[in-house]
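Reader: Hi! Could you walk me through this one? I'd like to chat about the rings first.

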Amino acid sequence: MEQQPETQVETGAAPFSNEAPGPMTTPQAEQPWQEAVKPITDFLSELPEILGAFFADYKQPLTTVGLIVAALITVKLTFALIGAINDIPLLAPSFELIGISYTAWFVYRYLLKASNREELLAEFDSLKSQVLGKK
């Protein structure tokens, strides 16, 4: 038997060692992309404090703007709902008939006689004092 000489093939891998794992490369100077990203990360790390200070300074105007936006959305949704109900056949005329009937009853009950108008005024004052908290 003829022995062939052993040849080593280099794979470029480091030999196995029992040393603790560590960084593969030595620390180098910052890369150009890291220099470009650093101001962004600094800003994002300070963003919660900036926003907190902004909301603390402008709490009242922001609340007012939020309420106005919510009121506009509510009005828009209400008009959309009324428009959808108005498109249902026979429902819109039924509501008109109910509204006219209630208006006629209200005029007959409270507005034709002076004593009934005084009663309505007393009920209105009572309701106003309950809402405003004055007696």
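Reader: Which residues do ring pairs link into a cluster?
Author: Tyr102, Trp105, Phe106 and Tyr110 are joined by ring pairs into a cluster. Here rings of Phe, Tyr and Trp (its six-membered ring) pair if their centres lie within 6.5 Å; planes under 30 degrees apart count as stacked, over 60 as edge-to-face and the rest as tilted. Bear in mind that this is a predicted model, where local features need pLDDT of at least 70, side-chain atom pairs count only at pLDDT 80 or more, and totals for chains, interfaces and linings use all residues. Residues are numbered from 1 along each chain as its sequence is written, and side-chain values use heavy atoms, with hydrogens and water left out.

Reader: Good to know. How many aromatic pairs does a search of the whole structure find?
Author: There are 6 aromatic pairs. One of them is phenylalanine 54 with tyrosine 58, a tilted pair at 5.1 Å centre to centre and 45° between the planes. Another pair is phenylalanine 106 with tyrosine 110, which is tilted because the planes are at 50°, with the centres 5.2 Å apart.

Reader: Where do phenylalanine 106 and tyrosine 110 lie?
Author: Both are in helix H3 (residues 91-111), 4 residues apart, about one turn of the helix. Helices (H or I, at least four residues) and strands (E, at least two) are DSSP runs, numbered from the N terminus. In general, an α-helix has 3.6 residues a turn, so residues three or four places apart point the same way.

Reader: Is tyrosine 110 buried or exposed?
Author: Tyrosine 110 is buried, at 11% relative accessibility, while phenylalanine 106 is partly exposed at 26%. Buried means under 20% relative accessible area, exposed over 50%, partly exposed in between (1.4 Å probe, protein chains only).

Reader: What sits over the ring of tyrosine 110?
Author: The charged end of arginine 109 does, 4.7 Å from the ring centre. The test is NZ of Lys or CZ of Arg within 6 Å of the ring centre and within 35 degrees of the ring normal.

Reader: Switching topic: what is asparagine 116 in contact with, leaving aside neighbours within four places in sequence?
Author: Asparagine 116 is in contact (heavy atoms within 4.5 Å) with Tyr108, Arg109 and Tyr110. Asparagine 116 belongs to helix H4 (residues 114-132) and is buried at 15% relative accessibility.

Reader: And what comes just after H4?
Author: Glycine 133, which takes a positive phi of about 80°.

Reader: Last one: what is the mean pLDDT of the protein chain?
Author: The mean is 84, with 77% of residues at 70 or more; pLDDT is the predictor's confidence in each residue, from 0 to 100.
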